[in-house]
Amino acid sequence: MTERATADKHTDTNAGTTRRRFVTFLIAAPTLTVAGRWLGEGTARAQIANVSTPEVDLAAALQPEVDAVSPLMRLRVTEDNRVVFEAPRAEVGQGISTAVAMLIAEDIDARLVDVDMPHSNARPELGAAQLTGASTTMRNMWGPARRLAADARARLVTAAAERWGLNADSLTTRDTHVFAPDGRSTSYGSLAVDASKVAVPAVSPLPKPVSEHTLVGTPTPRIDGKELITGRATYTLDVDVPGALPTVVARPPTIGGTVTAIDNAAQVRAMPGVVAVVEIPTGVAVVATTFHHAQQARAALSVSWGPGPIADLSDADIRGRLQNATDPLLAPSLLQSTVDGEFDFAFVNHGPVETNCAIADVRADSAEVWVASKIPPIAQTVVATGIGLPQNAVTVHPIRGGGSFGRKLYPDAALEAARISQRIGDPVKLLWTRDDDVKHGRMRPASHHKMRFLLTGDIVDSFENRSAAVQLDMDVTPFSVVIDTSIELPTSGASFYHATQATPYKFGTTTKTLNEVQLDVPTAFWRSVYSGHNRAAEEIMVDRLASRLRKDPMRFRIDMASNADAVEVLRQLKSRGNWGRSLPSGWAQGVGFHTEYNAHIGCLAEIDATNPDAPRVMRTVIVVDMGLVVNPAGAEAQFQGSVIDGIATILLAGNHITNGAVVESSYADFTWAKQASSPLEFEAHFLNTGRETGGAGELAVPAAAAAVANAYARATGTFPSQFPINF
Amino acid sequence: MPTYKLFVNGEHVSVDAPADMPLLWVLRDLLGITGPKYGCGIGACRACTSHLNGKEIQPCVVPIADCANKHITTIEGLADGETLHPVQQAWLEEDVPQCGFCQPGQIMATAALLKTNKNPSDADIDAIANVCRCGTYCRIRKAIKKAAQA
């Protein structure tokens, strides 16, 4: 155990010394009973996280717990030579199943095609290891996945040595096989049973040094690519649960409205194919033999609805409340001038193409749920509470998600499906139709931002950011899955804002506050959370400040960036992006920069805004320093997607609220970016200034949003302040 | 309830369904063919895109009555046995999918396009209106161009 911890000093630097102490301590007694013993460490760790910076690095904060529970993770080798890792983190499109499989293949010396990554069922004892979010997965799994794989390899080698009567040190491994010096070889599968009896490996059970990696760091296509392009990939509603009945829910015209009366239940129950019509807290469920029959019956339902809690509010009211909720800006002194900005961002639905859905089979004293969940133990808790069963009576099978962007942190559909199944006594498969998902699905909170630079001459004295946002729903916080309650994690939107929002420039005294406006609207974490609007708005302010100071926006960022790594990213972006190149009239370049998730990223966007009502981002260039990149092909895909998020949220897509209801109802009016809005050229360049692995999933969103907004502003000579611009 | 004969992915099938039942739910709920995905039900997201007699359709808005005695190809029927269709092969080589949910529709739309347009321009590709919320459009564009060359 000491050996393993020592080795970590050479191969892992994530989270520093606290974590190493932790690993040694816990692997010695890897059961949940240990949890009480490490509570004392939590406070010290939280303080460490807070000493040098006001922000909390969430991945680092969660790391000790993920390490602590890693012995409970299940990696097994089967007799048919498969390496099977029950993945605690959820695949929703971000490519983590491929990247984690790469870590495992690397250290067990298997062919990547021999590694399987089924999702682990909900296991509350895995704590933070089953929280897929905050771009933590590759950072959190870097150590545990490699250690599990290296340990398994050592046991396989030991078993082979015993079988052949050879010195274990003389054996080598590659391609899911063990090789002897005399040329003999055998598959891992043939050693699987013997290896399980190896108590003490005869060779080092430690991960190999990064310098020996042959797979990790290499652009690698998705391990599930073939399933995904042949229609064989299984999403929630593709799971064949015998007898599960198609179900839709009639929902109120306003957000959070209530059922007053079902006027024609008997008539609808008599319709062809209808099995049941039942009232649930969120509406009226219609259960039928097919989704066609269910939707037909839903359309025939006549329900009297009570108004929802914000039925008297529309966008202008909400914007007014947000504007009134921001703290006042400091007045300049006599010698100071100001650069001010105010920004509004609309609500934005996550809009995954797979709408909310779940399958539930609730029996008298147990339940099973199939759902794409980024935090399966929370789905388990919420379902158990909702149907009055103990948590351990509910089995949650996490299924591949058809997009999340934050949505699949929330088990809304699982809870509804379980309630309906309980009421009718049969398993159900619940579909939120697209209009359900747009009108009642969770959204990024609308926000208002007031910002001010105070200058004395050309010297920036201070930067203030006084923001307000509709309250982020933290009734069930994603962090409630974390076992170690002494880890200081955000418990509200405002505390999440303060934990994550940093301005990566030397702007003198920097002050920021977020006030939350309580409103009964279903809000959610949304890819990059507050950074997607708050940091994007700050980057627009950086351009305005540069303009006031008659500086080039790229040069100005390079001059003002708060550290050398950031400067290097910006310099590379300037040269690789060909900043300042000649462009046609009506076109312009824009830049955005962001630091988060232990990484720096710059985005350059070129826009054709010849027609300001139909601008097109033609080209984007990303330069990123996220340290060691496990799968550059996967990271690049994340950045490409984030660029689309930036284009959509700045130019195209949001949600209006009128009289307490979301106005949009489909992709026809929630106009997410399509091919015709996507850049024709995209480049991503990876720098590695030696930092530890950073998070890729959300990093590019604020940089891309800012680059698009700044390019639009420069192309049109306007100061856009309400987003999306064409709304 | 009427009975309809169809040729789905090369096989004869016969289904009893109401005439107005969208093909999507016939495929998914009656035939267990789940490659075509529900994303909107109004032909806007195009995640269910498949082929009817070789032409692109959105099964969520095509009633079964319009499919009688016709050939339906879903994503499951695009490959020739174990040999991937050139569009699928290009998708694999360009590592297009992220969540993958829209990709059956993207692939089927592309396969239909390439039947009539062997060398689509960027403008032709822009006209593909399938939504990909993950934003795989750059790789889709590359894959379409690669498939066109195959």
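Predicted model: local features only at pLDDT ≥ 70, side-chain atom pairs only at ≥ 80, totals over all residues.

Modeller: Residues are numbered from 1 along each chain as its sequence is written, while chains are lettered from A and ligands numbered from 1 in the order in which they are written.

Biologist: How many residues of H12(A) are buried?

Modeller: Helix H12 of chain A covers residues 376-387. Helices (H or I, at least four residues) and strands (E, at least two) are DSSP runs, numbered from the N terminus. Buried means 20 or more other C-beta atoms within 10 Å of the residue's own, with C-beta atoms placed from the backbone. H12(A) is mostly covered, and of its 12 residues the buried ones number 10.

Biologist: Which elements do the buried residues of H12(A) pack against?

Modeller: The buried residues include A:Ile378, A:Val382 and A:Val383. Their partners in chain A are strand E15 (367-371), strand E16 (394-398) and helix H13 (412-424).

Biologist: Which helix supplies the largest share of the side of chain B that touches chain A?

Modeller: Contact means C-beta atoms, placed from the backbone, within 7 Å. By that rule, 46 residues of chain B are in contact with 46 residues of chain A. The largest share of chain B's side is four residues, from H5(B).

Biologist: How far apart are the C-alpha centres of domain 1 and domain 2 of chain B?

Modeller: Chain B is divided into domain 1 (3-77) and domain 2 (86-149). Those bounds come from an automatic or database domain assignment. The separation of the C-alpha centres is 21 Å.

Key:
Expected span 1.5 Å × (residues − 1). Contact = placed C-beta atoms within 7 Å.
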